[in-house]
Amino acid sequence: MTETRKLRIAIIGAGASGIMALIKLREAGIGDVTIYEKADMLGGTWRDNRYPGVTCDVPSHGYRYSFEPNAEWSRVCAPGAEILDYLKYVARKHDVEAAIRYGHEVVRADYRDGKWQIETSKGPQGAFDAVITATGVLHHPSYPDIPGLEDFAGEAFHTSRWKDDVDLKGKRIGVIGTGSTATQITGAVVDEAASYTLFQRTAQWIAPLPQGPIPEEQKALFRARPELMQSEYERISHENNSKFAAAIVGANPRAYEKLVEVCRDYLETVRDPLLRAKLTPDYSVGCKRLILSENFYEAIQKPNAELVTERIERFEAGGIRTADGRLHELDVIVLATGFNTHQLMRPMEVTGRNGKTLNETWEKGNEGYLAVTVPGFPNWFMIGGPNSPIGNFSWLLTAENQFNFALKLILRLRDGNISEIAPKPEAAKAFNEAVRAKLPDTVWATGCKSWYIDKFGNIASWPWTFEKFQEDMSEPVWDDFEVA
Ligand code: NA7
């Protein structure tokens, strides 16, 4: 006869994924859950990224929890601060705060005698039956390997470490990078800058995405008729997943052609042919994560803006010296240089069964089983593990799908008279072989450098359609797991 166990679960990270995991665990009747959060506020990426112009680039009515519709989104793509408010609102509504231990960075997790022993920066936290990592992907800032930053006399900072006390008005601003972040900053600050210099190493494809305000009448309609808001959620998810995501993995050639056309047409709006040539990428649309913007090309054509494509040689007291010998004099340097996306939950030291660490297991690249579990690490569930669908989709939808999959395994731990569940090594091997076999069909493998690709050349994303992901997440293949 099976007995129901009382499980004690640790969630690592109080961002969008961690908040959702706690709410859903409680809903499933699992109440002994603690979230460890290293910062002193929830919100994850939306807490850390508060640079001017920060918005989501998935339309807001598609970028929300499935269980918490929001009729109040102010714009087609909500500003970051509004998303942070939404997360705080959801956390308040579901009494999440009470379960969060702020200022606790998880430094160690050891699997011993069927339990995870968790240690944070404040000391040992005891034994847990399962751990859910919700530590995000775009989390650890990446600083450029350019010498001399300490010599710069002005202010310099990474976009995810924004200095709120630096007034940009009338300043000579330099931004390094041309990813989504730099693109958003460009539109937001160019008008107030005395001069605005964007240092581009690689041109990026940009699709135009209207991001205007949502009219009051539409908000009122969504308040009055939630079923219409639900249809909008489903429409956006469908558009994103079956068109865009499918195009990128080679499953919808017509949608891909359309995407290419839209990007090329948008690029044509750049009036100066020389500038247009500099802004023209030499790789396929979507190989790097596609940028969505409604104002970048306009902004970079402003009279006080300059796009610099010369290699940066070093930082100096007065600004940035490029390889052509020119000193670009600056007051503020913004490092929009992205994130170490393959670090995931590390530097946390994780030791699984038989004393093997996660660092050893991932020595030649991060690998798991279906992005949620890792062989040898029982009862360890990752939201955003290796080969999660990352890219131009709603992370919230991805996270919910992964959590629902993990929950099925957790419920087996609770109700199935077992104390341990982990994927079989051969199942993980088959999964990773299938990933490697499929990846060459995707646009990410067509010859560009991107944050999807690690130093070994592994591509970290999900190479199939989003529909297949949802299908795989809907029910575990129980034969692929070993239990104790
Ligand atoms: P990204 O997309 O990783 O962009 C980082 C940018 O910084 C990119 O243009 C890089 O050029 C550039 N970069 C990085 N290092 C250097 C050095 N050393 N010199 C010059 N340029 C450099 O980060 P974002 O923050 O914009 O966006 C991250 C994700 O957040 C985004 O995709 C969304 O999911 C939200 P490169 O292209 O590598 O030549």
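Buried means under 20% relative accessible area, exposed over 50%, and partly exposed in between, with a 1.4 Å probe and protein chains only. By that scale, Asn379 is buried, at 0% relative accessibility.

This is a predicted model, in which local features need pLDDT of at least 70, side-chain atom pairs count only at pLDDT 80 or more, and totals for chains, interfaces and linings use all residues. Residues are numbered from 1 along each chain as its sequence is written, and side-chain values use heavy atoms, with hydrogens and water left out.

**Backbone in the loops**

Helices (H or I, at least four residues) and strands (E, at least two) are DSSP runs, numbered from the N terminus. Asn379 sits in the loop between α10 and β19. Its phi is positive, about 55°, although Asn379 is not a glycine. Leu370 is found in the loop between α10 (358–361) and β19 (380–382). Leu370 is not a glycine either, and its phi is near 55°, a positive value. Leu370 is buried, with a relative accessible area of 8%.

A cis peptide bond runs from Arg346 to Pro347, with omega near 25°. Pro347 belongs to the loop between β17 (332–335) and β18 (349–351).

| Residue | Backbone angle |
|---|---|
| Leu370 | phi near 55° |
| Asn379 | phi about 55° |
| Arg346 to Pro347 | omega near 25° |

**The antiparallel sheet**

Strands of a sheet pair through backbone hydrogen bonds, either parallel or antiparallel. Here two strands pair if DSSP finds at least two bridges between them. An open sheet of 3 strands has the order β14-β15-β16, with antiparallel pairing. β14 (312–316) and β16 (327–329) stand at the edges, each with a single partner strand, so one side of each has no neighbour in the sheet. Neighbouring strands of this sheet are turned by 25° against each other on average, direction ignored. Axes are lines fitted to C-alpha atoms, for helices over the stretch in contact, and angles run from 0 to 180 degrees between N-to-C directions.

Strand β15 (residues 319–322) is joined to β16 by 3 bridges. Gly319 has Glu329 of β16 as its bridge partner.

**The mixed sheet**

Another open sheet has 4 strands in the order β6-β5-β4-β18, and its pairing is mixed. β6 (123–128) and β18 are the edge strands, and each pairs on one side only.

Strands β4 (residues 106–112) and β5 (residues 115–120) are antiparallel and share 6 bridges. Ala109 has Ile118 of β5 as its bridge partner.
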